[in-house]
Amino acid sequence: MAPAGALVVALLGAACAVGPDYRAPALATPERWSEGGSADADEGLSAWWSRFDDVQLEALVARALTANVELRLADARVREAQALRRVAAAPLFPRLDGEASGGVGTGQTTDFGLAALDAIWELDVFGGTRRSLEAADADLAASVADRRHLLVMLLGELARSYIELRGFQRQIDTVERNLASQRETRELTEAQRRVGLASDLDVERARALTAITAAELPPLDAARRASMHRIAVLVGEAPTALDAVLDDDGPLPTAPGALVVGVPADLLRRRPDLARAERELAAATARIGEAQADLYPRFTLTGSVGLRSDDLKNLLRADHSFASIGPNVVWPIFAAGRIRANVDVQDARTEQALARYEQSLLTALEQVENALVAHAREQLRRRDLQEAVDANREAVTLARRLYANGLGPFLDVLDAERSLLLSESRMVESETAVSTSLVTL
């Protein structure tokens, strides 16, 4: 075996990757959630928006998946990470360069020429390139997880915006119904005043109540239109592009009865933001080895083959060919501590990545616990508000009857109508909150 070939075999046989081998840290999670919920985390989570059984919401989701601008940006970032991974893998293979030159010698008319192929192969004896490729693989996985995280956030925001839109439409309908009822009461009071059965004070109070109720409509309409604009942008359209489609009142999507949240340990498998943080930790760990490899010698195998002649016309003759092959070793002797400082930098970045991963898990656990509590308590609130709505509707009916028969004061009618509007508005808010809290989960 040629000396150069023997050197290659020996070096590759002794090759190892310096630096720590990555192992995903085992992070502690609680055994169960404080509010319970179904333990089957895979049930109904792959198209969770379909559980609301709303055709228009499903159509909007389909449009967002194909046209959202931020999702296109995330796709481009994944492609960038894929390309960077190929860049990181390239040094594992030999590099081949072509070279050609020619000219006229100084002070003479004889021309000369050179044509050659140069091969350079840096042997990854201490694994610096392999660690770089390992980091690039982790970066690619992190960018894929980041796209998934963006997708989760996009669909969550779209569903919340849609539910809030339907909630604002219900709020407007509630205010308009109460306003119509209050105007009937005002007309009744004005009629009573004309026959001497009501005072000017009663009429002015009725007029003030209708004006206050009417004043609720402009901000609700502004919020309704803002929701429509947000939905349009999320599906990749101009803000007003979907006004005609979304302006018609639709039912408020109702939350399914059963919660599907799994157990806390499922978060590590299911949440893409945690997957991204874990892959960033893996990339940072691999870069420690990449930095440590600079402490060791670099072995390069170089070779050339080509043609060289002092007379360009004779360049292609066989006796003008040449070939060479040989090893090259470079070992940094003194770099003023730069290499070890870079290792320390990567160590510190890995510690930061681990802390971010741990904090991401704690934040995720907090978010789920908060969403579970909010969902459960909002359901209790909705039940109590429904009872209040029923009681206030009956109170309005009784107060009007007593007033019409001269058996009750007009102020009771105004108080009953004011309470009815407040309880019905809060009821719509609660129904919206129950559905949006489920979207958060």
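Arg 85 counts as partly exposed, at 29% relative accessibility. In this predicted model, its side chain meets that of Asp 137 in a salt bridge, 2.7 Å from N to O. Arg 85 lies in helix α3 and Asp 137 in helix α4, so the pair ties together parts that are 52 residues apart in sequence. The chain has 11 helices and 4 strands. Of its 441 residues, 38% count as buried.

**Salt bridges**

- The count of salt bridges comes to 26.
- Asp 137, the partner of Arg 85, is partly exposed at 33% relative accessibility.
- Glu 431 and Arg 170 also meet through their side chains in a salt bridge, at 2.7 Å, N to O. This pair links distant parts of the chain: Glu 431 sits in helix α11 (residues 410-440) and Arg 170 in helix α4, 261 residues apart.
- Glu 431 is buried, with a relative accessible area of 18%. Arg 170 is partly exposed at 31%.
- Arg 279 and Glu 278 form a salt bridge of 2.9 Å, N to O. Glu 278 is buried, because its relative accessible area of 13% is under the 20% cut-off. Arg 279 is partly exposed at 24%.
- A network of salt bridges links Asp 173, Arg 177, Arg 393 and Glu 424.

**Helix α3**

- Helix α3 covers residues 69-89, 21 residues in number. From its first C-alpha to its last it reaches 31 Å, close to the 30 Å expected at 1.5 Å a residue.
- Its buried residues are Leu 71, Ala 74, Val 78, Ala 81, Ala 88 and Ala 89. Seen down the axis of α3, they fall within an arc of 95°, so they line one face of the helix.
- An α-helix has 3.6 residues a turn, so residues three or four places apart point the same way.
- Arg 72, Arg 79, Arg 86 and Val 87 are exposed on the other side of α3.
- The cover over the buried residues of α3 includes α2 (55-67) and α4 (128-194).

**Strands and surface**

- Thr 300 belongs to strand β3 (residues 298-309). Thr 300 is buried, with a relative accessible area of 14%.
- Beyond four places in sequence, Thr 300 touches Ile 120, Trp 121, Glu 122, Gly 326, Pro 327 and Asn 328.
- Leu 96 lies in strand β1 (residues 95-104). Leu 96 is exposed, at 59% relative accessibility.
- Leu 96, Leu 117 and Val 305 make a nonpolar surface patch of about 280 Å².
- The chain exposes about 24,000 Å², and carbon and sulfur atoms supply 56% of that area.

- Of the contacts between residues at least 6 apart in sequence, 82% join residues at least 24 apart.
- Arg 230 is found in helix α6 (residues 217-234). Arg 230 counts as partly exposed, at 32% relative accessibility.
- Setting aside neighbours within four places in sequence, Arg 230 is in contact with Glu 157 and Ser 161.
- Arg 230 and Leu 158 are 72 residues apart in sequence, and their C-alpha atoms are 8.1 Å apart in space.

**Backbone at Asp 53**

- Asp 53 has a positive phi of about 55° although it is not a glycine.
- Most residues other than glycine have a negative phi.
- Asp 53 sits in the loop between α1 (3-13) and α2. Asp 53 is exposed, at 67% relative accessibility.

Notes
Residues are numbered from 1 along each chain as its sequence is written. This is a predicted model: local features need pLDDT of at least 70, side-chain atom pairs count only at pLDDT 80 or more; totals for chains, interfaces and linings use all residues. Side-chain values use heavy atoms; hydrogens and water are left out. Patches are made of residues with over 30% relative accessible area and no salt bridge: like charges are joined within 9 Å, nonpolar side chains (Val, Leu, Ile, Met, Phe, Trp, Tyr) within 5 Å. Accessible areas come from the Shrake-Rupley method with a 1.4 Å probe; for residues, only the protein chains shown count as cover. A salt bridge is a side-chain nitrogen of Lys or Arg within 4 Å of a carboxyl oxygen of Asp or Glu. Helices (H or I, at least four residues) and strands (E, at least two) are DSSP runs, numbered from the N terminus. Buried means under 20% relative accessible area, exposed over 50%, partly exposed in between (1.4 Å probe, protein chains only). Contact means heavy atoms within 4.5 Å. The expected span of a helix is 1.5 Å times one less than its number of residues. The arc is that of the directions from the helix axis to the C-beta atoms.
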